[in-house]
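Please consult the display below while reading.

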Amino acid sequence: MASKHLLLFQITLISLILAVSCFPAHSPIGQLSPYYYDGSCPRLQWIVRSNVWAAFQKDTRIAASLLRLHFHDCIVDGCEGSVLLDDTVDMKGEKNALPNRNSLRGFEVIDAIKADLENFCPFTVSCTDILTLAAREAVYMSGGPYWAVLLGRRDGITASDKSANEQIPSPIEPLDNIIAKFTSKGLELKDVVVLSGGHTIGFAQCFTFKRRLFNFKGSGKPDPTLDTSLLSSLQSTCPNKDASNTNLAPLDSTVDKFDNYYYANLVNNSGLLESDQALIADARAAPLVNSYTTNPTLFYNDFAASMLKLGNVGILTGQSGQIRKQCGSVN
């Protein structure tokens with residue numbers, strides 16, 4: 001297992017070096033480096049890892065939560081830590097936007113990391129970089145790939161619930177809409193398929209998929225593509241009443257382990273979310289789903305590469321933004 005992860009890390013590092021070399025030094029991405037804090041905050045990696053590990057030991061579900069928190073930050077106006085900001089009198093932020101309210105988790109882990117870092121290297125490490133590193137650690141601790149995270153992002157000073165409501169993909173919207181939301185951020189179809197594979201860990205609340213169980217697209221019947229044994233199980237977990245909306249169902253049969261079973265589930269019509277199952281029904285996405293089903297190493301490598309791309313979306317560097325002292329509020 002160790003040799004496998006070492007090989008994946010080496011491959012990813014080579015890809016990272018090649019990717020960074022494509023950007024001029026004056027571009028925001030060109031200013032990022034895996035070694036950005038080596039002189040100013042040498043304990044950074046250890047502090048992030050130890051805090052995520054402690055949280056993971058208490059609750060393995062936190063891994064999926066941290067990964068989702070990072071995605072919901074970056075897909076909304078870029079990776080600038082806006083999802084971490086609390087609402088103020090003058091600002092309705094992203095935490096309470098419809099896709100995030102009573103759903104996003106893991107803020108306390110990021111806050112704990114930030115507090116430790118402020119003791120060792122005050123006003124040095126951005127909350128955005130902390131969240132990006134924490135997502136990598138969460139994936140790796142769950143058995144997924146390891147990649148060298150580019151660092152040097154700065155934090156934004158505002159957040160928008162409107163942006164979150166409009167830009168975060170919904171599990172019930174058409175795949176073409178989801179692809180459009182990704183491409184608007186400089187991502188592509190392949191990234192949609194690969195990053196959706198992050199659903200190999202974690203749970204979903206019943207309200208995100210319940211219409212598949214009882215009234216699919218207003219038909220009054222279940223989704224006919226859903227595996228019948230899974231349908232029965234989910235109807236038990238999510239009975240057709242409002243009280244079950246916040247009940248949890250696993251996104252994958254190996255809910256705590258980062259692996260490629262997610263794609264096998266799609267092939268077997270056992271994807272939980274409509275947006276997941278839609279991938280295998282799409283002529284553009286299906287070949288990628290099939291390739292990841294049979295080749296977990298390919299999935300790991302591509303997932304690491306797509307996470308690097310995601311982490312570069314709409315970043316702030318140089319004198320833009322700020323380094324927040326507390327992740328929930330601007331300085």
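Lys185 touches Ile75, Asp77, Gln167 and Val313, leaving out residues up to four places away in sequence; contact here means heavy atoms within 4.5 Å. The model is a predicted one, in which local features need pLDDT of at least 70 and side-chain atom pairs count only at pLDDT 80 or more, while totals for chains, interfaces and linings use all residues. Residues are numbered from 1 along each chain as its sequence is written, and side-chain values use heavy atoms, with hydrogens and water left out.

**Lys185 and its surroundings**

Lys185 is located in the loop between α7 (175-183) and α8. Helices (H or I, at least four residues) and strands (E, at least two) are DSSP runs, numbered from the N terminus. A polar atom of the Lys185 side chain lies 3.3 Å from the backbone oxygen of Ile75. Lys185 and Cys74 are 111 residues apart along the chain, and their C-alpha atoms are separated by 9.0 Å.

Asp77, one of the residues that Lys185 touches, is placed in the loop between α3 (62-74) and α4. Asp77 is not a glycine, although its phi is positive, at about 60°. Lys217 is another residue other than glycine with a positive phi, in this case near 50°. The loop between α9 (211-214) and α10 (228-237) holds Lys217.

**The annotated binding site**

Which residues does the UniProt annotation "binding site" cover? According to the unreviewed entry, they are Thr200, Asp252, Thr254 and Asp259. UniProt positions are given in the numbering used here, feature names are shortened, and annotations may be inferred rather than shown by experiment. The annotated residues span 60 residues in sequence, yet no two of their C-alpha atoms are more than 9.5 Å apart, so they gather at one spot.

Thr200 sits in the loop between α8 (189-196) and β1 (203-205). Beyond four places in sequence, its contacts include Asp252, Thr254 and Asp259. Asp259 belongs to the loop between β2 (248-250) and α11 (261-267).

**Accessibility**

The table gives relative accessible area, where buried means under 20%, exposed over 50%, and partly exposed in between (1.4 Å probe, protein chains only).

| Residue | Relative accessible area | Class |
|---|---|---|
| Thr200 | 0% | buried |
| Asp259 | 7% | buried |
| Lys185 | 18% | buried |
| Asp77 | 37% | partly exposed |
| Lys217 | 61% | exposed |

**A pair of helices**

Helix α4 (residues 107-120) packs against helix α5 (residues 127-141) at an angle of about 120°, and their axes are 10 Å apart. The α4 helix is therefore oblique to α5. Axes are lines fitted to C-alpha atoms, for helices over the stretch in contact, and angles run from 0 to 180 degrees between N-to-C directions. Angles under 35 degrees count as roughly parallel, over 145 as roughly antiparallel, 65 to 115 as roughly perpendicular and the rest as oblique. In this packing, Ile110, Ile113, Lys114 and Leu117 of α4 meet Cys127, Ile130, Leu131 and Ala134 of α5.

Notes: A polar contact is a pair of N or O atoms within 3.5 Å; within protein, one must be able to donate a hydrogen and the other to accept it, and residues adjacent in sequence count only if both atoms are side-chain atoms.
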